[in-house]
Amino acid sequence: MRPYIPELLIISLSIFSGCSSDRNNHVAGTSYEIHSISTPDWLTCETGGIDFLPDGRLAACFQRGEVMIYDPETKEWTLFAQGLHDPLGIMVINKSEFLVMQRPELTRVKDTDGDGKADLFETVTDDFGQAGNYHEFNYGPVKDKSGNLFIAISLPSEGGKIMPETRGRMDTNGVSPIQFSVVPYQGWILKITPDGRQIPYAMGFRSQNGLGFDLEENLLVTDNEGDWVGTDKLYHVQEGNFYGHPASLIWKKDWNRGNPYKIPISELDSMRTKAAVLFPHGIMTKSPSQPVCDNTQGKFGPFSGQIFVGEMNSERIIRVMLEKIDGELQGACIPFIDGSGLRKGNNRLAFAPDGSLWVGQTSHGWPGGEGIQRIVFTGKQPMDIYSMNLTTRGFDLTFTQPVDDFAALNPDNYKFQRYYYQYHGKYGSPKMDVQTVAVKDIKIFPDHKKVSLTLDSLKAGYVYQLNVENLKAASGDSLANSFICYTVNKLSK
Amino acid sequence: MDIIQKRLFLLLSILTSILMTSAHQKQGTLTTVSINAVGGLKYDKVRFQVKPGSKVKLIFANKDDMPHNLVITEPGARIEVANAASGLGDNGVELNYVPKHSKVLWSTALLNPGETTSLIFSAPEKEGIYPYVCTYPGHSLVMFGVMYVTNKAIPLLENDPNIPPGNKSSDVTQQNAQHPASHFSEPAPPYTKVPPFLYRAFIPDASPTAIAVRLPQNISYCWDAATCYLRYAWEGEFLDNTEIWKGHFQAYAKVMGTVFFRNNTRFPLYVDKPGNVPTVKFKGYRLVNRYPEFHYTINGIDVYELLKENKEGTGLIRTFRIPKSSRIIWFAFTDEDGVNYTSSVGNPTNGKLELSPGENIQFTIIMTKKRL
C-alpha cells in the first residue's frame, strides 16, 4: 500500500478546485449571508490559521502542514509552503513573509527569491519544551501595537502518552490524571518582544485555543471545559496572573512548592484570576476557539468593537460584549450565527479588508467540520441584543432596533436564572445553586432601544442566564438571538 | 493517583477481572466484556457476541480525554435514541445524556476521562443485533458498536455493515496495528510528486521536533531540530502518516523502509577537541533547489548543513559550511553507524576527522551504505 504523503510539488502554481462549488446561503431579508469557499480537491481542509494580506488575499495554514494563499478575485489557491508540523496559527507580515505557529517552533516562513514559494524557514522561538503528546497544541501568534508577539502552549492529555525522547527540562510534579504539564511552558501564554526575548507571561491554562485583542488592546484568551475548568470561558490575560489549571505552576519562576496538585483548592482558588466571561458549556459553547474583535467600523454590521468567538463542536459563532466594572473586565455572551448554513468546526476567524468575517473550520478527530466560509453583512439591520450591561439594580439591555413596547414591558418575557460553576480537578462542573430570579421592574428609555430591568436580587460570583421570550422590534422583526449569559464577577457600585 | 499507583490499580483490576471471569466461566453463566472509549471518538471494541439470556458484565473505561457514555438500545434504535439525546439540550448533563426513551435498554453514567464503570445485565432472550452508542452530543454518528445476541455465527468483520466505517480492515482488537484504513486515504495532489521535500511529524527514534526529508533515489533521512543532528537514514518508501492524520489520539508516522544509517555518536561536531559536546541551537532551514540546508549554532558558531543523495543511491553526501569559523572542528562517527565515511578534506580515521579553520569553512562528508 502506498503511503499517503503530500509529496512535493514541482510545478504547482495555481490549483483550481474541482470539488465543491460555492454553496451560498441566501435567505431573503436576513442580515448575514454565509458563503462557502471552494478548496482544492486534494486538500484536507483542516484549517489551523487564517489571516489577510493587505491586498485582500487570504493566507491559510492547514493541519497537515500546508500554507496556502487564496485570491478571492480569481478564486485561485496557490501553495506557499508545506511540510509544517500541525500549524495552528498564521500571521501575515507582508506578501512574502508569514509567522506560523507549529508544534516545534514559531517559524518565520519567507519567500526570499520572489518566486511565490517559501524558501526560508527561520526559528523565531523554540524556547519551550515538547513532550511528543498529540494534545500538545500551540496557538497564536497575535501581536500588540508595540510589536510584542503572544503565543500559547496547551497542556498535553493523559489520554495520550509522551515520547521516550523529549525537548526541554522534564519535571513530573505536573503529572495528573487528565491534562498535565511536564516540560516548559505547557499551560502558559508566552510573550516575545520585538528584540526576540521570550517572557513567560501568564499561566494556568488548559487548552487555550484562541488569542485575540479588543480595541483597547486587552489580551483575550479562551479556554476549553475540562479538569479545573468548570465551563468554557474567556479570560482577560494580564502579565504574571494564574488562571486556574495548576499543572503549569511548576514552570513559574522560583516555584518551590513541588506538586501543585497538593495545594488546597481554596488556596488555588484564591490565587487564580477568574474568567471575564463564562460560556455555559453545552448550551452556549462546547469548544470555544479564537476571539476576534470587530474592527470593521460598521462594515460588518452594528457590533463594532465587540468580540466574535468561534465554536468548534456546533454550527455556531458567539458574540461577546465586555465592560469594566470596578476596574475589571466582565460581560456577556450570546449566539451570533447559529446554523443558517454555517458548518461545525469553527476554529479560526479573521476580518477581510472588505469587512466580511472569514471562518476556517477543522475537525481533526473531534466532532467538527472542514473548510472555509465567509460571513457577509447584507446591510439589513438585525434585531438583536446589542449589549447587556450591569447596573446597581439589574441589567440594561440595549437592542439594535427600537423594541415593541408592549412586549418589552411584560416581566414574564424575561426568564432569568443564576448559577455558578465549581472550581475543582474533576472534568467540567454541573451548574451549582441554580435559582430563578424574578424581574421586579422594567423601564424603557426614550430611544426605545434601551430597556432597564430591575431584578429581585443580584449576587456576585454567578452567571445570569437570560432567555428573552416573545420580544420583537417595533418594526415587527423578531429577535435574532434570545439567549444571553452575563458573568457577574463584581457588582456595580 | 501517581503513575505507579495507577499501574498497580490497573494490574489489580486486570487480575480481578481475570479471576472473576474464570470463576464465572466455571459456573457457565457470566460473560465479561471490556470496552474502552479511546481517542478519535471510538470504542476500542466495535462488536461482541453473547448468548441469548446469558448474564453479561460489561466493563466500560474512558481512556479518552473527553466525557463518554455507553448506551445499549433495542435493535435498529441507535439513531433514534441518539437524536433523542441531542434533544435534551440543557438537561442533558444531569441525565448523563441518556434520554428517557423506551428503546434504551441499559446505559452507563457519563464517564469523565480516566473513569471506569460496569453494567451487569441479562442479555435479551430474543436474538438480534443490539447497538451500543455514545450519546454525548456530537459523538453518536461515529462512536458506536453492536452486541450480537445469537448462538449463530456473526458476519465476517470486513463484511459487517453494523459497525462504524474504518473498523473493517483489521481485527477489532488491534484496529490500529496493521493497515492504513482506506477510509482515511486522500486524493493525490494534482502536481508531480518529485523529491526532495520534507515533512514534520512525530517520527520514531527521535525527539518530537524531527524533520523527515525525502530525497531522490528512494533515500530518506530524519534530522532532529531539538538535537541538531542527523538521526538516521533509510531506503525504500518515505513515511506513512495515516495514523497521525486521523487526529485526536497518540500516533506516530511510520518509517516505510529499511534504516541503513543510525547515528551512534550523538552530536557529531566538536569544537577545539573531540568530546567537547557543544551547546546547540536550531535556527531553521533554507530550501536550496528544494533541498533543505539546516542552520544551527554550536557554541554560538553558525553551521549550515545540506544533505543530498549520492548518484548511485547508496548513501548521503553531507556538505557543512561554517563561514565564520576560526576554531578547529572535529567530525565524529563510529564504525557501527552502518556506513563507510569519506571526506572532501582530511582522512576520517578512528572515528574522527580533524578540520582546521581553513578546511572547515566548507567540507563534505560522504556516507556510503556498508555492503552486507
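A: Leaving aside neighbours within four places in sequence, B:Leu58 is in contact with B:Val33, B:Ile35, B:Ser118 and B:Leu119, where contact requires C-beta atoms, placed from the backbone, to lie within 7 Å of each other. This is a predicted model, in which local features need pLDDT of at least 70 and side-chain atom pairs count only at pLDDT 80 or more, whereas totals for chains, interfaces and linings use all residues. Residues are numbered from 1 along each chain as its sequence is written, while chains are lettered from A and ligands numbered from 1 in the order in which they are written.

B:Leu58 is buried, with 23 other C-beta atoms within 10 Å; buried stands for 20 or more such atoms within 10 Å, exposed for 12 or fewer, and partly exposed for the range in between, with C-beta atoms again placed from the backbone. B:Ser34 lies 24 residues from B:Leu58 in sequence, yet their C-alpha atoms are 5.8 Å apart in space.

B:Leu58 belongs to strand β4 of chain B, strands being DSSP runs of E with at least two residues and helices runs of H or I with at least four, numbered from the N terminus. Strand β4 (residues 55-62) pairs in the parallel sense with strand β1 (residues 30-38) of chain B, over eight bridges; two strands count as paired if DSSP finds at least two bridges between them. Within this pairing, B:Leu30 stands opposite B:Lys55 of β4(B). Both strands belong to an open sheet of four strands in chain B, with the order β2-β1-β4-β7 and mixed pairing. The edges are taken by β2 (42-43) and β7 (116-122) of chain B, each of which has a single partner strand, so one side of each is left without a neighbour in the sheet.

On the scale of the chain, chain B is divided into domain 1 (10-164) and domain 2 (197-369), bounds that come from an automatic or database domain assignment. The centres of these two domains, taken over C-alpha atoms, are separated by 49 Å.

Two residues elsewhere in chain B deserve a separate look for their backbone geometry. B:His248, in the loop between α3 (242-246) and β14 (254-262) of chain B, has a phi near 60 degrees, a positive value in a residue other than glycine. B:His248 is buried, with 23 other C-beta atoms within 10 Å. B:Arg290 is not a glycine either, and has a positive phi of about 75 degrees; its place is the loop between β16 (280-288) and β17 (291-298) of chain B. With 15 C-beta neighbours inside 10 Å, B:Arg290 counts as partly exposed. Most residues other than glycine have a negative phi, and most peptide bonds are trans.

Chain A supplies cis peptide bonds to set beside these. One of them joins A:Gly140 and A:Pro141, with omega about -5 degrees, and A:Pro141 is found in strand β12 (residues 138-143) of chain A. Another joins A:Pro184 and A:Tyr185, with omega about -5 degrees, and A:Tyr185 sits in the loop between β13 (149-153) and β14 (188-192) of chain A.

The secondary structure of chain A comes to two helices and 34 strands. Its strand β29 (residues 414-421) runs antiparallel to strand β33 (residues 462-468), joined to it by six bridges, and A:Phe416 has A:Leu466 as its bridge partner in β33(A). β29(A) also pairs in the antiparallel sense with strand β30 (residues 431-437) of chain A, over five bridges.

The domain assignment of chain A gives domain 1 (127-274) and domain 2 (385-488), whose centres, taken over C-alpha atoms, are separated by 33 Å. Ten residues of domain 1 of chain A are in contact with nine residues of domain 2 of chain A. On the domain 1 side, the touching residues divide into three nonpolar, four polar and three charged.

Buried residues make up 53% of the 493 residues in chain A. The largest nonpolar core has 212 residues, of which A:Ala60, A:Val67, A:Ile189 and B:Ala212 touch the most other members; such a core is a set of buried Ala, Val, Leu, Ile, Met, Phe, Trp, Tyr and Cys residues joined through C-beta atoms within 7 Å. Among the residues that A:Val67 touches, not counting those up to four places away in sequence, are A:Phe80, A:Leu84, A:Ile90 and A:Phe98.

Terms used: Two residues are in contact if their C-beta atoms, placed from the backbone, lie within 7 Å. Ala, Val, Leu, Ile, Met, Phe, Trp, Tyr, Cys and Pro count as nonpolar, Asp, Glu, Lys and Arg as charged, and the others, Gly among them, as polar.
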